[in-house]
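I set out below, entry by entry, what I looked up in this structure.

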Amino acid sequence: MVKDIICITCPQGCIIKVTGDPAKGEITGCEGFKCKRGKVYAENEFIKPLRILTSSVKTSGAAVPLVAVRTSAPIPKDMQMAAMEEVKKITVSGKLVPGDVIVENFMGTGANLVASGSLD
Amino acid sequence: MKKTDVVIIGAGAVGSALARELSKYKLDVTVVEKNADIGGDSSKSNSAIIHTGYDAKPGTLESQLVVAANPMYDEICKDLDIPFKRIGAILPAFNDEQMEQLPAIKHKAMMNRVYDVEYKTGAELLEMEPELNPEVKGGLYIPRESIIDPFLFCIALAENAADNGVKFELATKVIGIDQKDGAVTTVKTDKGDIECKYIINAAGLYCDEIASFVGKNDYYVTPRKGQFYILDKKTSCKVRTIVLPIPTKVTKGKLMCPTMHGNMLVGPTAEDLLDKTDKSTNKEGLDSIAADVRKMIPNVNLRDSITQYCGLRAQRNPEGLNIDMYDDLKGYVNISGVRSTGLTNSVAVAKYVADLLIESGMKAEPKTDFIKTRKGTPHFAELSAEEKAELIAKDPRYGNVICRCETITEGQICDAIHRTLGATTVDGVKRRVRAGMGRCQGGFCGPRVIEIIARELGISPDEVCKNDKGSEMLKGFVR
Amino acid sequence: MAEKIYDVIVVGGGPAGLAAAVGAKEAGAKDVLIVERDVSLGGILQQCIHPGFGLKYFNEELSGPEYAYRFIEKVKASDIEVKLDTMVLEVGDHSVVGINPKDGLFVAQGKSIVLAMGCRERTRGAIMTPGTRPAGVYTAGAAQRLVNRQNMMVGKKVVILGSGDIGMIMARRMTLEGAKVLAVAELMDYTAGLTRNRVQCLDDFGIPLLLSHTIVEIKGNKRVEGVVIAEVDPATKQPIKGTEVLYECDTLLLSCGLIPENELTKEAGIKINPITNGPEVNQFMQTSYEYVFACGNVVHVNDLVDNVTDESLRAGQYAAQYALGTLPKAKEIPSVTGNNVRYICPQRICPDAPAKLFFRAAAPKLGVTMKAYADDKEIFSKKLIKINPGEMEHIEVKPEDMQGVSSIRIEVV
């Protein structure tokens, strides 16, 4: 499999060509990068692209209807839509500050779902 | 079934003026309006000018009524607490051909008894209007051409009528008229029938369709589209008067003038259409405005436009303002051919129709308790510092600025919602107190206005409409 | 109210205002006041719940509210006074006139004033999109507030005009929250926002990006029923007849550029730069009125909040120095735009102090060199693989290079 990956580590936006088998975690070729960070980014993006998911959850008994949440670490890119379904089910109340854990080991990703906004 | 003496169909300028005029008498009056708010269609999208009638066709009913209406505005606007300014119009000529047309225009003004039209030299016009094309050779000055807030005008007339007992059935569409023994009996609407003795068709653009319910549609109405630009109050090139072009055989042309609130208005186009619902602007039309107005005001900066809109004038075929009663259909008044002079002549049409009805035998005893005046929502931004402080002390909501472009407070928005015939929609708030009328066009205040309307009316935010039903601002909730 | 005289009054409590107030306090200002029109501090960051903030300043990836929280905590820990829910109506002579429900109309006196009002979005009216005027046309930022803070869904089937960062970020947000985003149309032949947003907001979700396209008509009398998208000639930007395609949708979001919010600045008579639409400043972020400073997007629209923070901390610091009488006063020289440079900020430079000159290119280009000249003498040169108007660049100039010269010019060749 060959994939063109637009590098986002700096504004240059290099197009990096990665070859291999992502299912096996195998990389046979990587070209077009202009720095080490770019190579690392492209290889990770090829094997297992990760994203921080952000959204908001419903509040109860608060002055504001929503509070912002995020995953404490990046989660697999292809889990984002499924994760949203879980986020939609959550309601929070009480005092929250950024970083407060709402769901530990969110969907088994190892990352927590944490508050990213505040609730007084 | 509801019962009333008089049904007025349409709550545009003419319908609203009629409602107020008839509310001076001991009559039960009901206004039926298809839109969710006062202001009709053409009455809210026009050049907002109160004309003198200097250029009307002499001897016509339209010219008589426009000329008669203009002097009424000082008192009406004072009574109804709405802004009105006699800023005057100029008609500059830039070449010999145009100069040669001036005497005929002035003569027509004399025929219409608009005697205060004056010649001006090029130098005089440039002094009055420094942004004019310096090639101006001379022109005419029409001092009583004036500007008004067209939204507030209709709303204030209707509010005052309602305060004097007139009922308004909004978002109600007339679907038929019943008659019996040569007289009207009932107005049928999509919300039920209303039994009545008199029906006045003030449906403007749709007056031919209403007339067809009683077979009096010996004419038809086509829309004539007019597109406009509104420019930022801080635009680089402004005019002080209404700058009118010398008309050509084809069109009255495109003008530039200040609005009541200090913006610049540039337009309109004149495009004959068939579709009465086509309220879309288009690039060709807007571009044509630019080209034409630059001939008079070379530095007009249309990039400072904050919005563009279009209005539909009701073009009667055959043309001309007609107000008719019929021997074979008692109680029915048909008003047709109200076009660009309609905003101006509405108040005269109202008096003319009232007189016609009384002459025809309608029992109408004047009220002794008619409330002549209306107090508008405070114009917070225009108040002195002391007045502002006083208002906030009385009602802290006046200290909460919601629309920052126009400095409109929560207090004003709540007043607009809770007053007689109050706003129920985002456009309704905007037209009453100008929240969202400024340069950010509701970008900042829009989300807040939705919340305030929902809270004050006790409805869900996703029920709040821009204007008519079906124009909901939101599609449910996120969570 | 008592006649208190603040050292520094900051107009706006967004990222710029927060940093300016913190900077002023750290530089020794005693009485500092922040005036903020919203119910909470943080400004636009409160609705920017997406990640990507702080990579430069905090070396970690934060969401907008998290980034704001760090500065709000600093403000709370200090004795900086904050007036929330307060609109400034006027910037006067060493004073601001404000209004809120609690104090009513008030005047606050300040030895120096920092303008940090941020920016607003270009509207449909400003970009003159023809068509009808139905409900369902929102600027991306207004939609972002409704969705992320007010829990209100603006639409289910969305087209976005403009590839600014907020537009692309809203494309992802609307998708995550259950809407279908049909396309993002961009007039230019390159994206207006960051590559990172193009990848993570559009490509990740398979949202088509239509470069060199624009909306030529909005349809629908009550609610948006569709938009007509046409291809434009890249040279003239005029729509090409025959390329029109109708996209049936209920919502149009606009992300067509930001305009510094300078109504107060203009009203006060402060000199505005016609290119940036913000006040002209020197490297101390001092405007044409020496007691008025400005920072953040009110000066020029930034790509990264990290840069805003950096600039605003300095603005606050210099405003404090001015209030304390320790800011040097010197003759200034202009910064001049050369080849392929759209604007430079600061526009004025005091040659006795180092200056960081931020600038944007006029057009994207590959394989360029950015150069600075003191009069005709080259004082800086750096090769770049690529320059893009969407990403701000900067050059640092040293005092020794500026002595006795009449201007500093930047060019990209």
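**Entry 1: Chain C as a whole**

I began with burial in chain C: 58% of its 413 residues count as buried, where buried means that 20 or more other C-beta atoms lie within 10 Å of the residue's own, exposed means 12 or fewer, and partly exposed lies in between, with C-beta atoms placed from the backbone. I note at once that this is a predicted model, in which local features need pLDDT of at least 70 and side-chain atom pairs count only at pLDDT 80 or more, while totals for chains, interfaces and linings use all residues. Residues are numbered from 1 along each chain as its sequence is written, and chains are lettered from A and ligands numbered from 1 in the order in which they are written.

I then looked up the overall dimensions. The C-alpha atoms of chain C fill a box of roughly 65 × 60 × 40 Å along the principal axes. The radius of gyration of chain C is 22 Å, which agrees with the value near 22 Å for a compact globule of 413 residues; the radius is taken over C-alpha atoms, and the globule rule is 2.2 Å times the number of residues to the power 0.38.

For secondary structure I recorded nine helices and 27 strands in chain C. Helices (H or I, at least four residues) and strands (E, at least two) are DSSP runs, numbered from the N terminus. Of the contacts in chain C with a separation of 6 or more, 63% are between residues 24 or more positions apart; a contact requires C-beta atoms, placed from the backbone, within 7 Å.

Chain C is divided into domain 1 (1–120 + 258–329), domain 2 (123–256) and domain 3 (331–413), with bounds from an automatic or database domain assignment. I found the C-alpha centres of domain 2 of chain C and domain 3 of chain C to lie 35 Å apart.

**Entry 2: Domains of chain B**

I recorded three domains in the division of chain B: domain 1 (2–45 + 150–219 + 319–359), domain 2 (84–147 + 223–313) and domain 3 (380–463). The C-alpha centres of domain 1 of chain B and domain 3 of chain B are 31 Å apart. Between these two domains, eleven residues of domain 1 of chain B are in contact with nine residues of domain 3 of chain B. Helix 6 (residues 150–163) of chain B gives the largest share of the domain 1 side, six residues. By class, I listed that side as seven nonpolar, one polar and three charged residues; Ala, Val, Leu, Ile, Met, Phe, Trp, Tyr, Cys and Pro count as nonpolar, Asp, Glu, Lys and Arg as charged, and the others, Gly among them, as polar.

**Entry 3: Where chains B and C meet**

How many residues does each chain bring to the contact? I found 47 residues from chain B and 40 residues from chain C. On the side of chain B, helix 8 (283–296), strand 20 (305–317), helix 10 (385–394) and helix 13 (446–457) each supply at least two residues. The residues of that side divide into 18 nonpolar, 16 polar and 13 charged.

**Entry 4: Backbone exceptions**

Most residues other than glycine have a negative phi, and most peptide bonds are trans. I therefore listed the departures from this.

- A cis peptide bond joins Gly267(B) and Pro268(B), with omega about -5°; Pro268(B) lies in the loop between strand 18 (264–267) and strand 19 (271–272) of chain B.
- A cis peptide bond also joins Asn317(B) and Pro318(B), with omega about -5°; the loop between strand 20 and strand 21 (322–326) of chain B holds Pro318(B).
- Leu421(B) has a positive phi near 50° and lies in the loop between helix 11 (410–418) and helix 12 (426–433) of chain B.
- Asp375(C) has a positive phi near 50° and lies in the loop between strand 24 (365–374) and strand 25 (377–387) of chain C.

Are these last two residues buried or exposed? Leu421(B) counts as buried because it has 23 C-beta neighbours inside 10 Å, whereas Asp375(C) is partly exposed, with 14 other C-beta atoms within 10 Å.

**Entry 5: Strand 6 of chain A**

Strand 5 (residues 54–59) of chain A runs antiparallel to strand 6 of chain A and is joined to it by five bridges; strands pair if DSSP finds at least two bridges between them.
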